[in-house]
Amino acid sequence: MGAIHVHEFMSLDGVIDAPTWTFDYGFDPKMGEAIGAVTAGSRAILLGRTTYEMFEPAWSTRTVEDDPGAPFFNDTTKYVVSASLKTATWRNSELIGPYDPERIRSLKADLDGDVYVSGSGTLVRAMLADGLVDSLHLFVYPLTRGSGPRLFADDDPPRKLSLAACESYDNGVVYVAYRPQS
């Protein structure tokens, strides 16, 4: 059975919308190493429709020369959670229908390796509520957004997490990894 690892770019006040606001900070190579460590054991990518539709044009034409993460994103099977998407045109993509926690549990159990999730806020919030997330890998940027979708909604129940890793980078970004407490 694999584990589900969620990766998010997040503002200090918890906003996880399309992270165009991260560009001002650059991308420290050590951030790539941290993401690479998360994706290393992953044999699948799980995405919500909106993130899939943003990632496909951005990643599908990239090569390893453009970005060392391109082979992972292009060659790994992508499972897309969507009630409305009818076709998946990015290679190695499979539509799995609307969110169904049992379908995600089965996917997690059947894979020989882990599942990587990036962005996909609505999907991630649902999986957190259903206890399906094994680790959160957050890159927290030193700015506030004021408004926007957040990883944890105001009405979410309290939860406790255990710190698994923490690192800071020269660009001011802090990486924190958490696991749910049992």
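**Entry 1**

I started at Asp134, which is partly exposed with a relative accessible area of 27%. My scale: buried is under 20% relative accessible area, exposed is over 50%, and partly exposed is in between (1.4 Å probe, protein chains only).

Before going on, I noted that this is a predicted model, so local features need pLDDT of at least 70 and side-chain atom pairs count only at pLDDT 80 or more, while totals for chains, interfaces and linings use all residues. Residues are numbered from 1 along each chain as its sequence is written, and side-chain values use heavy atoms, with hydrogens and water left out.

Which side chain meets Asp134 in a salt bridge? I found Lys108, at 2.8 Å from N to O. A salt bridge here is a side-chain nitrogen of Lys or Arg within 4 Å of a carboxyl oxygen of Asp or Glu. The pair links distant parts of the chain, 26 residues apart: Lys108 sits in helix H4, and Asp134 in the loop between H5 and S6. Helices (H or I, at least four residues) and strands (E, at least two) are DSSP runs, numbered from the N terminus. Lys108 is buried, at a relative accessible area of 9%.

**Entry 2: around helix H4**

I stayed with H4, residues 101-110, where Ile104, Leu107 and Lys108 are buried. They cover an arc of only 95° around the axis, so they are on the same side of H4. The arc is taken from the directions from the helix axis to the C-beta atoms. In general, an α-helix has 3.6 residues a turn, so residues three or four places apart point the same way.

What do the buried residues of H4 pack against? I listed strand S1 (4-11), strand S2 (42-48), strand S3 (77-81) and helix H5 (121-129). Contact means heavy atoms within 4.5 Å.

At the start of H4, I saw a side-chain oxygen of Asp100 within 3.0 Å of the backbone nitrogen of Glu102. Glu102 also meets Arg105 in a salt bridge, 2.9 Å from N to O. Both lie in H4, three residues apart, about one turn of the helix. Arg105 counts as partly exposed at 33% relative accessibility, and Glu102 is partly exposed too, with 47% relative accessible area.

**Entry 3: the other charges**

I searched the whole structure and got nine salt bridges. One of them joins Arg145 and Asp17, with the closest N and O atoms 3.5 Å apart. Arg145 is in the loop between strand S6 (135-141) and strand S7 (161-168), and Asp17 is in the loop between S1 and helix H1 (29-39), 128 residues apart. Arg145 is partly exposed at 35% relative accessible area.

Then I looked at Glu56, in helix H2 (residues 49-59). Glu56 is buried yet has no salt bridge. How far away is the nearest side chain of opposite charge? Lys78 is 9.2 Å away. For charges, Lys and Arg count as positive and Asp and Glu as negative; His and the chain ends are not counted. Leaving out residues up to four places away in sequence, Glu56 touches Thr89 and Trp90.

**Entry 4: rings**

I found twelve aromatic pairs in the whole structure. The rings of Phe73 and Tyr116 have centres 6.0 Å apart and planes at 70°, so I logged the pair as edge-to-face. Rings of Phe, Tyr and Trp (its six-membered ring) pair if their centres lie within 6.5 Å; planes under 30 degrees apart count as stacked, over 60 as edge-to-face and the rest as tilted. Phe73 lies in helix H3 (residues 70-75) and Tyr116 in strand S5 (residues 114-118), so the pair ties together parts 43 residues apart in sequence. Both Phe73 and Tyr116 are buried.

Last, I noted one aromatic cluster, formed by Phe9, Trp21, Tyr25, Phe139, Tyr141, Tyr169 and Tyr175.

Note on methods
A polar contact is a pair of N or O atoms within 3.5 Å; within protein, one must be able to donate a hydrogen and the other to accept it, and residues adjacent in sequence count only if both atoms are side-chain atoms.
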